[in-house]
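User: Please take me through some features of this structure, keeping the criteria behind each term in view.

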Amino acid sequence: MLPTEPSRLASVRALNLLDTPPEERFDRITRLAQRTFGVPIALISLIDENRVWFKSRLGIQEIEMPRNGSFCEDTLISDGLLLVPDASKDPRFAAHPMVAAGPKIRFYAGLPLEGPDANIVGTFSLLDLVPRDLDNEQRRALRDLAGMVQEQLAAPQSAAEPDDEHSRLLARLRLSPEHSAARRKIRAIFIGIAAVLLCATGLSLRLAGRLVADADRIELALAALQPADSEGTKVALERLRSTSHFFLVAVGMRGLTGMALLLIVLLIFDRHMDARLSSLAAVELDRARLQAVIAAIGAGGVVAAASGRFTVF
């Protein structure tokens with residue numbers, strides 16, 4: 001046990017992140033790391049007494065693993081970057097289940113993560129199934145990404161008041177002229193359809209009301225022309241009354257059903273639009289973070305499309 005283990009564990013619990021659902025603000029960073037370094041597995045881990053729990057994970061199904069003997073436990077006591085080019089040849093990890101069996105991990109690179117009070121609370125790590133190494137520029141990029149994680153750990157967002165970059169960008173997209181105009185146009189179409197449906201329902205209800213009134217008048221007329229106890233008269237009047245009232249109810253239900261369907265379709269449209277804007281916001285943030293990582297790398301690089309057009313400098 002580390003000398004500072006009690007204080008470290010208190011810092012882990014103070015984050016209030018253990019066993020919480022995935023959060024986009026962390027998942028964006030693991031996605032960016034996976035693409036930047038071309039690794040199959042990227043992890044943001046929190047470490048308590050007995051386990052390594054993954055707040056964000058890409059490339060593995062497990063949500064946690066035992067702490068004892070793990071890569072992350074060695075990262076906790078390292079002074080900085082723990083780099084394992086080939087775990088199968090490292091006596092510390094060669095017998096680990098994830099190395100000897102399982103996915104057969106070979107490469108590991110991990111940095112300790114500090115909480116708001118400077119205690120180590122977890123790790124940010126990359127794993128690969130083939131041996132590899134990181135050059136100096138890649139190590140700088142990895143430290144930059146770990147710094148992004150620590151910024152999120154220092155400013156956790158509550159579920160009740162989401163105020164992260166994604167939410168702010170999503171709010172700006174919702175208020176943009178293009179998307180605001182699209183929402184207004186679609187809603188205007190729905191309002192027009194609803195108005196037509198209301199008018200049609202109103203006319204139908206008026207006609208149904210006339211039929212009910214006519215049925216009442218016919219009832220009075222037949223009662224005057226035939227004996228009140230005539231069986232034929234009673235049956236005819238009952239059928240006429242039932243039919244006219246059923247028509248009135250049917251018209252009303254048709255109008256209500258139409259309005260309910262319009263409301264459901266409008267809600268589905270709003271959710272679809274919000275999901276589309278959320279995806280756009282995530283793409284924009286990933287692009288901005290990737291640009292920040294590229295800008296932090298000292299070496300130059302150029303990416304060209306198949307057409308020969310330069311896309312990234």
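User: How much space lies in the largest cavity?

Analyst: In this predicted model, local features need pLDDT of at least 70 and side-chain atom pairs count only at pLDDT 80 or more, whereas totals for chains, interfaces and linings use all residues. Residues are numbered from 1 along each chain as its sequence is written, and side-chain values use heavy atoms, with hydrogens and water left out. A cavity is a set of points, on a 1 Å grid over the protein atoms alone, where a 1.4 Å probe fits but cannot get out, and its volume is the space filled by probe spheres set on points joined across faces, edges and corners. The space in the largest cavity comes to about 90 Å³.

User: Which elements give two or more residues to the lining of the largest cavity?

Analyst: Lining residues have an atom within 4 Å of a cavity point, and among them are F71, C72, S125 and L127. The elements that contribute two or more residues to this lining are α3 (71-77) and β6 (120-128).

User: Is L266 buried, partly exposed or exposed?

Analyst: Buried means under 20% relative accessible area and exposed over 50%, with partly exposed in between (1.4 Å probe, protein chains only). Because its relative accessibility is 22%, L266 counts as partly exposed.

User: How far apart in space are L266 and I191, C-alpha to C-alpha?

Analyst: In sequence, L266 and I191 are 75 residues apart. Their C-alpha to C-alpha separation in space is 10.0 Å.

Conventions
On a 1 Å grid over the protein atoms alone, a cavity is a set of points where a 1.4 Å probe fits but cannot get out, and a pocket is an open set with protein on both sides within 12 Å along at least five of seven lines; lining residues have an atom within 4 Å of a point. Helices (H or I, at least four residues) and strands (E, at least two) are DSSP runs, numbered from the N terminus.
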